[in-house]
Amino acid sequence: MLFPPLGLWQSPGMILAHISDLHLDGEPRATKRAERVFAFLDRLHRPVDAILLTGDITDHGTEAEYEQAKALLRERPVLPCPGNHDARGPYRKVLLGEPASEGPVNTVHDLPGARILLADSTVPGRPHGYLDDETLAWLDAGLSGAPAGKPVLVGFHHPPIPLHSPFIDEIRLRGAERLAEVLRRHGNVAAVLCGHAHSAAAGTFAGLPLLVAPGVVSTFRLPWETGTGLDGGQPPALAFHLLDPGGTITTHYRLVV
């Protein structure tokens with residue numbers, strides 16, 4: 001079968017890589033898997049516009065683990081948000097260069113082709129997720145203030161819908177309807193992006209595409225698959241989100257072998 005030359009391909013408005021759940025712990029296994037993913041991205045024929053990292057960057061939330069993450073992410077266009085294994089104080093101090101504090105880590109990124117709002121869905125000391133009143137107000141303002149005609153992506157760690165993965169569903173986002181009410185007030189959201197599940201997934205939430213990144217450190221087996229629990233033998237994986245100026249999003253998932 002003959003394929004057209006790569007030069008005939010027209011890039012959409014943006015190409016985003018979406019990774020999640022590195023669980024860096026200072027040990028060689030997690031480090032090598034994360035390095036493999038970034039090396040794959042470094043070799044792309046067309047570099048991505050940004051790399052979204054939806055949480056669980058570290059395994060224990062220590063400053064030493066964040067120093068490891070900082071060295072790995074340095075000089076790459078990485079836009080992170082925290083997960084339930086992260087810790088707000090060390091995260092802020094090392095990754096953001098800000099004073100260590102325990103308020104939610106919410107960040108807005110205005111790129112040429114999109115506004116990206118990355119919210120903190122963590123509940124310190126607990127594995128489940130929740131977007132508190134401060135974060136929902138921040139999100140509402142960020143959606144209202146987005147440049148006219150520019151699509152918005154909303155990202156955070158915990159999926160807001162059941163994924164039919166029992167362990168993950170027990171610790172998914174709680175109070176999801178509160179988030180849905182905010183999103184429904186705005187017509188500029190192209191998709192909602194999450195991690196946490198260690199399994200590539202797609203669904204809908206508040207009438208929007210919900211796209212879940214696979215895990216880098218491991219893959220979580222689903223109930224109908226052979227075996228149970230986390231599978232560290234599967235290769236790391238990622239998602240590519242292609243976003244056109246009109247807000248249409250197309251997603252491809254890739255194993256990194």
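These legends describe close-up views of a predicted model.

**View 1. The buried side of helix α6.** Helix α6 spans residues 176–184. Five of its residues are named here as buried: Ala176, Leu179, Ala180, Val182 and Leu183. They lie on the same side of α6, because they cover an arc of only 160° around the axis. An α-helix has 3.6 residues a turn, so residues three or four places apart point the same way. The cover over these buried residues includes helix α4 (133–144). Strands β8 (152–155) and β9 (173–174) also contribute to the cover. So do β10 (189–194), β11 (201–205) and β12 (208–212).

**View 2. The largest nonpolar core.** This core holds 28 residues. Leu139, Leu143, Val154, Phe156, Leu179, Leu183 and Phe205 touch the most other members. At least two residues come from each of α4, β8, α6, β10, β11 and β12. Helix α6 gives the most, with five residues. In soluble globular proteins, nonpolar side chains tend to be buried together.

**View 3. Leu179 and its contacts.** Leu179 is one of the buried residues of α6. It is also among the core members that touch the most others. Neighbours within four places in sequence are left aside here. Beyond them, Leu179 is in contact with Leu131, Leu136, Leu139, Phe156, Leu173 and Phe205. Another core lies apart from the largest one. That other core has 26 residues, including Ile51, Leu53, Tyr66 and Val256.

**View 4. The tilted pair of Phe40 and Phe240.** The structure holds three aromatic pairs. In one of them, the ring centres of Phe40 and Phe240 are 6.3 Å apart. Their planes meet at 40°, so the pair is tilted. Phe40 belongs to helix α1 (residues 28–42), and Phe240 to strand β15 (residues 237–243). The pair therefore ties together parts that are 200 residues apart in sequence. Phe240 counts as buried, at 12% relative accessibility.

**View 5. The edge-to-face pair of Tyr66 and Tyr91.** Here the ring centres are 5.9 Å apart. The planes stand at 80°, so Tyr66 and Tyr91 form an edge-to-face pair. Tyr66 sits in helix α2 (residues 63–73) and Tyr91 in helix α3 (residues 88–96). The two are 25 residues apart, and the pair links distant parts of the chain. Both partners are buried: Tyr66 has a relative accessible area of 0%, and Tyr91 has one of 1%. Tyr66 also belongs to the core of 26 residues.

**View 6. Ser165 in its loop.** Ser165 lies in the loop between β8 and α5 (166–170). With a relative accessible area of 4%, Ser165 is buried. Setting aside neighbours within four places in sequence, Ser165 is in contact with Phe220, Leu222 and Pro223.

View 7. Most residues other than glycine have a negative phi. His196 has a positive phi of about 75°, although it is not a glycine. His198 also has a positive phi, near 55°. His196 lies in the loop between β10 and β11, and His198 lies in the loop between β10 and β11 as well. His196 is buried, with a relative accessible area of 4%. His198 is buried too, at 7%.

Conventions. Residues are numbered from 1 along each chain as its sequence is written. This is a predicted model: local features need pLDDT of at least 70, side-chain atom pairs count only at pLDDT 80 or more; totals for chains, interfaces and linings use all residues. Side-chain values use heavy atoms; hydrogens and water are left out. Buried means under 20% relative accessible area, exposed over 50%, partly exposed in between (1.4 Å probe, protein chains only). Helices (H or I, at least four residues) and strands (E, at least two) are DSSP runs, numbered from the N terminus. The arc is that of the directions from the helix axis to the C-beta atoms. Contact means heavy atoms within 4.5 Å. A nonpolar core is a set of buried Ala, Val, Leu, Ile, Met, Phe, Trp, Tyr and Cys residues joined through side-chain atoms within 4.5 Å. Rings of Phe, Tyr and Trp (its six-membered ring) pair if their centres lie within 6.5 Å; planes under 30 degrees apart count as stacked, over 60 as edge-to-face and the rest as tilted.
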